[in-house]
Amino acid sequence: MLKHFDHNRHHHRFLLRQVPPGAATALDVGCGDGAFARELAARGLRVTAVDRATEVTAAGVDFRRADAMVDDLGGPYDYVSAIASIHHMPLGPALARLRDVLAPGGVLAVLGVARERSAADWAFSLASVPLNLVARLVRDDPRGDAPVLRPALTLREIGAEADRVVPGARLRRHLFWRYSLIWRKAPPPVVTAG
């Protein structure tokens, strides 16, 4: 019998490795059921989690029903995550909005979905099919994936927009129909005496 398998949750460990050393605050955009926000809080971060559609509660997390594009997000934050949510927003303005709530030296970590177009896109998708089947046979996540809006942009288009808004971001394709975009805001200038 096939079980539920959450493609986003599969990448949580990768996203947690992107939290910068010494980080104290985090923002999770499009938090859904709050699973990743709780993982960040378990690491000792003060977490704000926002979602337009859900309201959840958890110790150590300030959950807010809010629209990340128009509502006050607070900040600045040492770490900002957006898991399978940024393709629900206009990409350039969304990246700019999240960039602007980062503290100097902070990290923006996006896990997203892109429209397949290139041979490499299709190869990764095809490689994910048997792995997805195996994962569903051995792993059970009673929640499974939330419904995903079909993405409008290809990985190449996402990369071009990222180069414009968050130059130097690392864009990487992952299995299970996901990509990551990791960007670190420049740290504050070092002031030397003299």
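Axes here are lines fitted to C-alpha atoms, for helices over the stretch in contact, and angles run from 0 to 180 degrees between N-to-C directions. This is a predicted model, in which local features need pLDDT of at least 70 and side-chain atom pairs count only at pLDDT 80 or more, while totals for chains, interfaces and linings use all residues. Residues are numbered from 1 along each chain as its sequence is written, and side-chain values use heavy atoms, with hydrogens and water left out.

**Sheet**
- Seven strands form an open sheet of mixed pairing in the order β3-β2-β1-β4-β5-β7-β6, where strands (E, at least two residues) and helices (H or I, at least four) are DSSP runs numbered from the N terminus, and two strands pair if DSSP finds at least two bridges between them.
- The edge strands, each pairing on one side only, are β3 (61-65) and β6 (170-174).
- β6 and β7 run antiparallel and are joined by five bridges, and Arg170 stands opposite Ile182 in β7.

**Helix α3**
- Helix α3 lies across β1, β4, β5 and β7, and runs at about 145° to β5.
- In α3 (residues 91-100), the residues Leu91, Gly92, Ala94, Leu95, Ala96 and Leu98 are buried, meaning under 20% relative accessible area, with exposed over 50% and partly exposed in between (1.4 Å probe, protein chains only).
- These buried residues pack against β1 (25-29), β4 (77-83), β5 (102-112), α5 (155-165) and β7 (178-184), contact being heavy atoms within 4.5 Å.

**Backbone in the loops**
- Pro76, in the loop between β3 and β4, is joined to Gly75 by a cis peptide bond with omega of about 5°.
- Ala84, in the loop between β4 and α3, has a positive phi of about 50° although it is not a glycine, and Ala84 counts as buried at 15% relative accessibility.
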